[in-house]
Amino acid sequence: MTKDGKQFDRHVVTILNELEIARKEISRNQEQMIRLGLPPIISQFYFPQITPGLTDNKLLRRIEPYEEKGSAILLKMLKDGTLDMSLLSSTTPLTDKNLKAHIISKANFKIIVSPQHRLANRKSVTFNELVNENFINLNSSFIHAEVFKHFAHEAHFRPTIIFQTSDVPLLKSLVSQNTGIALLTDLALKNTDDLVALDIETNIPLNFIVSIAYRRSHILTPNQSKLISLLTDKK
């Protein structure tokens with residue numbers, strides 16, 4: 001293929017992708033449904049907080065949720081038109097040139113331990129102090145995995161990971177039984193949890209940022225605009 005042919009092929013692929021995205025959007029617009037991505041932690045611990053407002057505004061019945069996938073996968077689905085919009089987690093504001101994103105919530109990362117753990121009477125801890133601890137981690141579909149690597153790198157040691165899971169309640173249950181300790185956003189913590197949450201002393205604090213994102217090329221429907229207004233008003 002010539003250079004001009006390769007250039008033409010690239011444009012054709014882009015056009016075909018846009019046509020497919022347009023087909024998906026028009027189909028859902030006609031149904032007045034919102035195909036919304038919900039990562040696990042946001043789905044379990046943030047979304048229930050906003051459902052009363054969604055119900056009052058007659059939006060809950062218009063939402064077609066896509067759950068059980070991490071933010072990285074949902075981001076790809078948003079870009080390819082499978083989703084109209086998505087709630088996404090990140091540690092820094094989303095800056096993708098093809099997306100519009102509004103930050104709607106911020107939470108902290110904590111080290112969680114059992115009330116019987118040796119650190120349970122502490123308010124905060126450095127990651128260096130955890131060199132001999134056994135960790136129970138969320139798997140790579142969560143941004144926690146990257147944050148965990150960041151703290152381990154900052155502390156200059158390789159942590160001992162004894163178990164990985166995508167199930168947040170299971171992780172909390174194992175920690176409460178003193179099987180190990182874990183890194184978890186405090187968005188996923190409840191007053192009823194049998195856990196102690198410790199602040200992380202660090203030179204570079206990281207936040208668990210929740211954003212609502214959609215494609216820049218997407219023309220919002222009235223229901224989608226109402227959803228964004230409702231979420232951004234709750235900041």
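Reply: The largest pocket holds about 280 Å³ of space. Here a pocket is, on a 1 Å grid over the protein atoms alone, an open set of points where a 1.4 Å probe fits, with protein on both sides within 12 Å along at least five of seven lines; a cavity is a set from which the probe cannot get out, and lining residues have an atom within 4 Å of a point. Grid points are joined across faces, edges and corners, and a volume is the space filled by probe spheres set on the points. Keep in mind that this is a predicted model, in which local features need pLDDT of at least 70 and side-chain atom pairs count only at pLDDT 80 or more, while totals for chains, interfaces and linings use all residues. Side-chain values use heavy atoms, with hydrogens and water left out, and residues are numbered from 1 along each chain as its sequence is written.

Back to the largest pocket: 18 residues line it, and A72, S89, F142, I143 and E146 lie nearest its centre. Helix 3 (71-79), strand 3 (85-90) and helix 4 (144-155) each supply at least two lining residues; helices (H or I, at least four residues) and strands (E, at least two) are DSSP runs numbered from the N terminus. The largest share, five residues, comes from helix 4. By class, the lining has nine nonpolar, seven polar and two charged residues, where Ala, Val, Leu, Ile, Met, Phe, Trp, Tyr, Cys and Pro count as nonpolar, Asp, Glu, Lys and Arg as charged, and the others, Gly among them, as polar.

Helix 4 also gives the most to the lining of the second largest pocket, with four residues. That pocket has about 170 Å³ of space and 13 lining residues, with N137, A145, F148, I161 and Q164 nearest its centre. The lining divides into seven nonpolar, five polar and one charged residues.

A search of the whole structure finds one cavity of 30 Å³ or more, and the largest cavity has a volume of about 70 Å³. Its lining includes S89, F142 and I143, which are also among the residues nearest the centre of the largest pocket. P39, P40, I41, G70, S71, S141, H144 and F208 line the cavity too. Six of the cavity-lining residues are nonpolar, five polar and none charged.

I41 leads on to a helix pair, as this residue of helix 2 takes part in the contact with helix 5. The axes of helix 2 (residues 40-56) and helix 5 (residues 168-176) come within 10 Å and cross at roughly 80°, which makes the two helices roughly perpendicular. Axes are lines fitted to C-alpha atoms, for helices over the stretch in contact, with angles from 0 to 180 degrees between N-to-C directions; 65 to 115 degrees counts as roughly perpendicular. Alongside I41, Q44 and F45 of helix 2 meet V168, P169 and K172 of helix 5, contact meaning heavy atoms within 4.5 Å. Four of these residues are nonpolar, one is polar and one charged.

Terms used
Angles under 35 degrees count as roughly parallel, over 145 as roughly antiparallel, 65 to 115 as roughly perpendicular and the rest as oblique.
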